[in-house]
Amino acid sequence: KVLDTLKNYQWKLIFLGGDDDGTRDQLQKQFLKRHLLGNVFFLDACEPNELPAVYTAANLFILPSRHENFGNVLIESMACSCPVLISDKVGLHHEILQSGLGWVLPLHPGKWVSILETLMQNPIAVQNNAAKTRPWIMDKFTVERVASEMGELYQDVISTKGGKSLQD
């Protein structure tokens, strides 16, 4: 339904990944019913070494997930200078909001239509975010930084429990 109102714009949507639960068939039927199937492509899989080309070619990575524990795929896409539009159910949504380098929405179709229309009418906003995403990711999510922060977290857990030292 979200894409129905975007028929007047030029866009293509690529779904990448396997289909373990039959979602692809349901989506294809809905896109066909709405005369949008020509705008949508489904790819089963992509080799890891091919992913940077896919992300780099994209204008926007969209993840309207109902539940996404962390969101590694966001890190991957942003590392390739691809801005993101995600639901507030994705584990990294707070970081994306704080960075200002993507868009985070609740799972309400009207809000998704509105932001997609806005972004299609103003591609400069998407391009501005694209230019900033890679440096932000490369600073915030380096192996060294993540390992250091995890080490600090483990030290906090080891050293205290309910305000008391575990060593006491």
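Q: What makes the largest set of 19 residues a nonpolar core, and which members have the most contacts inside it?
A: A nonpolar core is a set of buried Ala, Val, Leu, Ile, Met, Phe, Trp, Tyr and Cys residues joined through side-chain atoms within 4.5 Å. Buried means under 20% relative accessible area, exposed over 50%, and partly exposed in between (1.4 Å probe, protein chains only). The largest such core here has 19 residues. Phe-61, Leu-74, Met-78, Val-84, Ile-86 and Ile-96 have the most contacts inside it. This is a predicted model, in which local features need pLDDT of at least 70, side-chain atom pairs count only at pLDDT 80 or more, and totals for chains, interfaces and linings use all residues. Residues are numbered from 1 along each chain as its sequence is written, and side-chain values use heavy atoms, with hydrogens and water left out.

Q: Which elements each supply at least two residues of this core?
A: They are α2 (51-57), β3, α3 (72-79), β4 and α6. The top contributor is α3, with four residues. Helices are DSSP runs of H or I with at least four residues, strands are runs of E with at least two, and both are numbered from the N terminus.

Q: Which residues does Leu-74 contact, leaving aside neighbours within four places in sequence?
A: Contact means heavy atoms within 4.5 Å. Leu-74 is in contact with Phe-61, Leu-63, Val-84, Ile-86, Val-90 and Leu-92, once neighbours within four places are set aside. A second, separate core has 16 residues, including Phe-31, Trp-103, Leu-105 and Leu-116.

Q: Which residues of α3 are buried, and what do they pack against?
A: Leu-74, Ile-75, Ser-77, Met-78 and Ala-79 are buried. They pack against α2, β3, β4, α4 (93-99) and α6.

Q: Why is Ser-81 called partly exposed?
A: Its relative accessibility is 28%. That value falls in the range between buried and exposed, so Ser-81 counts as partly exposed. Ser-81 sits in the loop between α3 and β4. Its phi is positive, about 65°, although Ser-81 is not a glycine.

Q: How do you know the class of Gly-100, and where does this residue lie?
A: Gly-100 has a relative accessible area of 44%. It therefore falls in the middle class, partly exposed. The residue lies in the loop between α4 and β5. Gly-100 and Lys-132 are 32 residues apart in sequence, but 9.7 Å apart in space, C-alpha to C-alpha.

Q: What makes His-67 count as exposed?
A: The relative accessibility of His-67 is 65%. This passes the limit for exposed, so the label applies. His-67 is in the loop between β3 and α3. From His-67 to Asp-88 is 21 residues in sequence and 8.9 Å in space, C-alpha to C-alpha.

Q: Is His-35 buried or exposed, and why?
A: His-35 has 69% relative accessibility, so it counts as exposed. It lies in the loop between α1 (23-33) and β2 (40-43).

Q: Why is Val-113 called buried?
A: Its relative accessibility is 14%. Val-113 lies in helix α5. Outside four places in sequence, its contacts are Val-2, Thr-5 and Leu-6. Val-113 and Leu-6 are 107 residues apart in sequence and 7.6 Å apart in space, C-alpha to C-alpha.

Q: How do you know what span to expect for α5?
A: The expected span is 1.5 Å times one less than the number of residues. Helix α5 (residues 109-121) has 13 residues. Its first and last C-alpha are 18 Å apart, close to the 18 Å expected.

Q: Which residues of α5 are buried, and what do they pack against?
A: Trp-112, Val-113, Ile-115, Leu-116 and Leu-119 are buried. The buried residues of α5 pack against β3 (61-63), β4 (84-87), β5 (102-105) and α6 (123-140).

Q: How many helices and strands does the chain have, and what pattern does it follow?
A: It has seven helices and five strands. Along the sequence the pattern is β-α-β-α-β-α-β-α-β-α-α-α. Buried residues make up 29% of its 168 residues.
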